[in-house]
Amino acid sequence: MDNANLMRLGRKAEEQEYTKRRFKFSAFDFTNYIVFIIIALIVILPMWKVIVDSMNSVGVYQFRFWPENFTLDGYRTIFTTRKLFRPFMNSVVTTVAGTFLGLALSTLGGYVLNQYDMPGRSAMSMFLMITMVFTGGMIPEYLVMKQLGLVDSMWILVVKHGINVYNLVLMKNFFEGIPVSLIEAAKIDGCSAMGIFFRIVLPLSKAALASIGLMYAVTIWNDYSTVQIYITNPDQVNFQYMLRVMIMDGDTPTTAYKVSQDTLYYASIICAILPFMVAYPFLQKYFVKGVNAGAVKE
Amino acid sequence: MSIFGKKPVETLSNGSQVNQKSLKMRIWNNRGFYLMFLPVAIFVLLVYYWPMLGIRYAFYSYKLKNIHWVGMGNFVKLFSEPDFWQSFTNTLELSIIKLLLNTFAAVLISVFLNEMKNMFMKKTIQTIIYLPHFMSYAVVAAIFTLFLSPSSTGFVNETMKEWGFLSSSIDFLHSKSLWRPIFYLINMWKETGWGTVIFLATLSGINPELYEAADIDGATRLQKIMHVTLPALSNTIIVVLILNMAKVLNMFEPVFVLYNSRVYDVSDVISTYVYRKTFLTAIPDYGYSTAVGLFKSVVGCILMLICNQASKKVRGRGIM
């Protein structure tokens, strides 16, 4: 065999070795897959059991992949019983209102904090930052809300989450990524500060608005402790509170309903996570989008 | 020279011109922005600053409408209360162990998820393990209360009886010895997935040349994890731990949704103690509750300063 042939053979062997190493599905990979499938199942299976049992007319302890005696009575009960439906609507109303208020205030604040030639800008941002470090605490806050007449009212949820300084800063970072040239061009065309805000800045920030809006919505929808602290009137509580009272304190006259207690409980759990479960695929996308958009600067 | 509307202009040495408006002029020009900031300022004053004034009640006795000065009286009472010290040590123990467990699990999962080559699989698993983060503590507590319940439909008890591990049902959440492990497990179930976000972001920033170099030197997968991946993560791990240490005393909801009067000894934390003293007492002393809150904030502040120092030592800059 001559030298050239030898070299060719050698190179071929090298290539084969390389391919083998790249695409080798080792024992390590195999174990890794198995372990992660188990982890995913640990997360998914409890939720699956909740979904199945919410549609099963008798409470069973066993894990089933599909309801044995299918029924939607659990959900029907929630949406036809005033005691349960009222909290659900309270949750919807406060979440929608709070999200809009939160978005309005954080876009306004974030936009103003970006005006670097405005006198007093750093004082204003200091004014906001201080609240991230110092707070009055649970009791002084309660006393203030009492004076404002918000104790025993569901609007406490809107007021308390109406402004989140962290979200405001995220919004400001996002606005910083909008090209200055666009705003300059609008200014030259005679657009006012308000006009620039509504016609240029906001339409360009849809991704950030979606992701920050979802952050507000999840916070308000999921808030249980505020209701626990401030509200005792059963007409004003939200669904999270109702769920907790129902399951932990067993405070349900289940005999009044035509479904088994467990079916009702599991259906309530599903209702308490339903809105975000529906929004989750979008939420994840917008979360990533918003964060990336905020990070890139001109 | 300068008449209305004409801007006074300063010429720099290089010939370019800079607007030199008077302060009054600049304020007037930005009037729209001040107006836009007004609602934000009102809200922040109302929700954040006004309650800060209420901190003064820590030095008063405040029962019903009756407010009078007691000086350090509330703090003297506080320090002699065994229930308070119980809640203080519980808070430190519960939240620090929770923090360490969650961080450890998140690091472990991120490192091995990073080894997964199939992108579809990786994305799917990420999507799944992020899910529980978006459920409220009330929902998570509800799910696990039902699963762990000693009734005939409690999944854990009945399954373990069926498999012969148990002879009679255990009331998990009412048991002093089992409450804490269950608390840690439930918190790991809920927050570990979301905790990986920051570590995975760090891992995606590792220079691939480092892995190629390790390949050429003949390193195995585990060696690459030990000598490339983990060192790259160490800084992030320290940052996460330090940032969270500063707020370990704030824990309320995770405990509140799971605890009950039978396990106060092992589960009562400062915030739940304040809650009970204020809202479950017939005639609450708001002054005393505020004092507990103030003490918590002061200790929290000290912890934050310590963490800031630690952060400066480790990374050369503070956390703020």
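The contact between the two chains takes 63 residues from chain A and 67 residues from chain B, two residues being in contact if their C-beta atoms, placed from the backbone, lie within 7 Å. The structure is a predicted model, in which local features need pLDDT of at least 70 and side-chain atom pairs count only at pLDDT 80 or more, while totals for chains, interfaces and linings use all residues. Residues are numbered from 1 along each chain as its sequence is written, and chains are lettered from A and ligands numbered from 1 in the order in which they are written.

On the side of chain A that touches chain B, helix H2 (residues 27-54) of chain A supplies the largest share, 11 residues. Helices (H or I, at least four residues) and strands (E, at least two) are DSSP runs, numbered from the N terminus. By class, this side of chain A has 43 nonpolar, 14 polar and 6 charged residues. Here Ala, Val, Leu, Ile, Met, Phe, Trp, Tyr, Cys and Pro count as nonpolar, Asp, Glu, Lys and Arg as charged, and the others, Gly among them, as polar.

Chain A has 14 helices and 0 strands. Of its 298 residues, 38% are buried; a residue is buried if 20 or more other C-beta atoms lie within 10 Å of its own, exposed if 12 or fewer, and partly exposed in between. Among contacts in chain A with a separation of 6 or more, 76% are between residues 24 or more positions apart. Thr95(A) lies in helix H4 (residues 82-112) of chain A and counts as buried because it has 24 C-beta neighbours inside 10 Å. Leaving aside neighbours within four places in sequence, Thr95(A) is in contact with Ala217(A), Ile220(A) and Trp221(A). The C-alpha atoms of Thr95(A) and Asn222(A) are separated by 9.3 Å, although the two residues are 127 apart along the chain.

The largest nonpolar core has 115 residues, of which Leu243(A), Ile269(A), Val139(B) and Ala142(B) touch the most other members. Such a core is a set of buried Ala, Val, Leu, Ile, Met, Phe, Trp, Tyr and Cys residues joined through C-beta atoms within 7 Å. Helix H6 (residues 137-148) of chain B gives the most to this core, with 10 residues. Not counting residues up to four places away in sequence, Ala142(B) touches Leu243(A), Arg244(A), Ile247(A) and Ile269(A).

Chain B has 14 helices and 4 strands, and 30% of its 320 residues are buried. The radius of gyration of chain B is 28 Å, whereas a compact globule of 320 residues would have one near 20 Å; the radius is taken over C-alpha atoms, and the globule rule is 2.2 Å times the number of residues to the power 0.38. Along its principal axes the C-alpha trace of chain B spans about 100 × 75 × 35 Å.

The domain assignment, automatic or from a database, divides chain B into domain 1 (9-71) and domain 2 (75-315). The contact between these domains takes 10 residues from domain 1 of chain B and 7 residues from domain 2 of chain B. The domain centres, taken over C-alpha atoms, are separated by 36 Å.

Strand S3 (residues 60-63) of chain B runs antiparallel to strand S4 (residues 66-69) of chain B, with 4 bridges joining them; strands pair if DSSP finds at least two bridges between them. Tyr60(B) and Tyr62(B) form the covered face of S3(B), and Ser61(B) and Lys63(B) the uncovered one. Tyr62(B) stands opposite Ile67(B) in S4(B). The hairpin of S3(B) and S4(B) has 2 residues between the strands, and Leu64(B) takes a positive phi near 50°.
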